[in-house]
Amino acid sequence: MTTVPVTLPPVSFDPARGVAELRTPGSLYALRLDADGSPRHLYWGPPIDPAALDALAAPRSPADSSFEAWAAADELAPQTGARFGPAGLQVRFADGTRGAQWGPAEPRVTGDGLRILLTDRHFPLTAELCYRVRPDGDVVERWTELHHTGSPGDGPITVDRLDSASWTLPPLPDYRIGHLVGGWNSEFQLRRERLPVAETVLTGRRGLTGHHASPWLALDDGTATEEHGEVWSTALAWSGSWRITVHRDPVGRTTWTGGFGHEGIGWTLRPGERLTTPVFAGLYTRGGFGAASRAWHDHVRAHVLPDAASDRPVVYNSWEATHFDVSHPGQLRLAERAAALGAELFVLDDGWFGARRDDRAGLGDWTPRPAAFPDGLRPFAEQVHRLGMAFGLWVEPEMVNRDSDLYRAHPDWVVHSPTRTASELRNQLVLDFSRPEVEAWALDTLDRLVRDNDVDWLKWDANRPFTEAGRPGQDDPDRLWIDHVRAVHRIMDRLRDAHPHLRIEACAGGGGRVDLGILARTDQTWPSDNTDPVDRIAIQHGYGQLLPAATMASWITDSPNPATGRSTPLRFRAHVAMAGVLGLGGDLTAWTEDELAECADLVARYKRIRPLVQHGRQHRPPTPDGVTAVHYAAPDDTEHAVLVWRPTTRFGHQPPPLRLPALDPRAHYLDLDTGRPHPGALLHHRGLDLHLPPGDYASRLVHLRREPS
């Protein structure tokens, strides 16, 4: 294909050709406006010039059949015309007519983006397809804005489906899908499998992003590796229920469409109302799965996270030490030990408020429990600050126990349908943040909590999904599924605006709400309640497919592990946790002096490599014989940190050297712990001799510095 001249603009539309082009440093996304007014997909891949793009012809049917549609794929398919795949836009008008039918499209270039206005030929409905690219990356951001343009006398429009975008792959010899599955305590399990000739639906129906699936996927032809091959991937920036449908048809075309909501719910647009979808972002790379991950990490740091440049602190969290048995003296003993180990943030977890002695009471009453903190929280926060640590609090503001003052005062505030029995999960109900008065209460409560107690950090949890979701007395009951999520986002945004020092960690029973939408207003997430280091290796591997290590909290906790009962060495636990934002949990008052001394040394070592882990570029080296590794490289190649883990071993088997393709073969590197020099060519092509200790749960941290040439 022809090389692209560097003078081409990032976004352009040529009326004569009817072609729009969005160019990034390493990719081209192109579409054309067909005669029927529909924006159709044209190209997504490596950069080519306009002449090569024009050589792409619209697909044509090999046979004269009225049962097959051969037009190019829609950028967002309506349910009209000879379209038989999943429709990303499904509407019903007041007279019962289904589906939009567009007149001539109106494209408009907006500097870094493109907007295509579509107007229905008969009904008062417009849809604007929105695109945006950034000069520093290959991500294409897309979303849709739907508008009822009618007068007050016009009837409502029912929206059964409104996706953010549809995506199309080029013809490939075969198709493979990579996606994340799991459950509570086993989130982010990566699966790569051949894409069937069918509609494959990935979805979350719980009102949260979900533990069981993630709104991210990657597609390739089945031959891509960590280092090589074309990969197309997308991620939806939404923190509630969602659905992505991938369609591989029998004759070789693969498309997918996705957005908020799930089957069985819909919304109503009244005259003058708009409905805007979350961003559904896409990325193309020729560098394999590793390059795709690094491109996503760069995008998240540059354009999603609110404060990506700051170091994430080493946290101590009290949950696994005390559970609900919380008291000022007990927490202070933990804080003193945590500070001595090098912790920079102390988070007081569940059990500090209301009548909270177990999970049956207290949620909703966000005032200190007098028996635990007779003088309130502020004196304890001041003691934590004097120990040199920031002060954090666990909160679960979206939830309420029936046994609480809040529920007794406002039983109507919970998510419910009046004729259905409300399910209780973990002895709690969900507050309906789609109600303005509930949103206002939550914002005021959290604002006062932060201000009155000098809180630096909130760990925002959500420990149950939606059930019996309804809006009694409302004309548009399913808006709850959207409005609740947007209220959560607004509250977080407003708290940060009011308290610029405040940082927020997202949690939902572990990794139940991890997505680009929540990360746009939080600093990191809690990927799983499971802190077992063996299980965490797989969890962290899946998490890193999309998100950078600076957003991934990972703790050193007690052994045996409370979730699995597995006993592992402290060094192994620490080396696994060092691959993200290092934290500490567990009952430090029960640790031996030797364990405390070893842990303090490991925390200090983490702080030396923290800039690499949290701000460097992540590589996943090819790993041999039961070994797993992750490699963090400084952008300028001056320093590198390699973390290596081997959970189990076979007698007489030493793993072969670990090859480090990210190193410069022309350079020389010094091991900062052993003082041993290494030729870059040897590490790049042959590998690093691991010298792992014998036995199971072996691990190693290698810290390299590039030597001056």
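The legends below describe close-up views of a predicted model.

**View 1. Helix 2, a mostly covered helix of 16 residues.** Helix 2 runs over residues 288-303 and reaches 22 Å from its first C-alpha to its last, which is close to the 22 Å expected at 1.5 Å a residue. Of its 16 residues, 12 are buried, and among these are Phe-289, Trp-296 and Val-300, together with His-297, His-299, Arg-294 and Arg-301. The buried set also includes Gly-288, Gly-290, Ala-291, Ala-292 and Ser-293.

**View 2. Strand 23 and its two parallel partners.** Strand 23, residues 345-348, pairs in the parallel sense with strand 22, residues 315-317, over 3 bridges, and Asn-317 has Val-347 of strand 23 as its bridge partner. Strand 23 also pairs in the parallel sense with strand 24, residues 390-395, over 4 bridges, where Phe-346 stands opposite Phe-391.

**View 3. The side chains of strand 23.** In a regular strand the side chains alternate between the two faces of the sheet. In strand 23, Leu-345 and Val-347 point one way while Phe-346 and Leu-348 point the other way, and all of these residues are buried.

**View 4. A right-handed β-α-β unit.** The unit is made by strand 23, helix 5 and strand 24, with helix 5 spanning residues 378-386.

**View 5. The packing of helix 7 and helix 8.** Helix 7, residues 436-453, and helix 8, residues 480-498, pack at an angle of about 30°, with their axes 10 Å apart. Because angles under 35 degrees count as roughly parallel, helix 7 and helix 8 are therefore described as roughly parallel to each other. The crossing of these two helices, helix 7 and helix 8, is right-handed.

Methods:
Residues numbered from 1 in each chain as written. Predicted model: local features only at pLDDT ≥ 70, side-chain atom pairs only at ≥ 80, totals over all residues. Heavy atoms only, no water. Expected span 1.5 Å × (residues − 1). Buried < 20%, exposed > 50% of the residue type's maximum accessible area, 1.4 Å probe, protein only. Pairing = 2+ DSSP bridges. Right-handed = clockwise from strand over helix to strand, strands pointing away. Axes fitted to C-alpha atoms, helices over the stretch in contact; angles between N-to-C directions. Parallel < 35°, antiparallel > 145°, perpendicular 65-115°, else oblique. Left-handed = near helix turned anticlockwise from the far one by under 90°.
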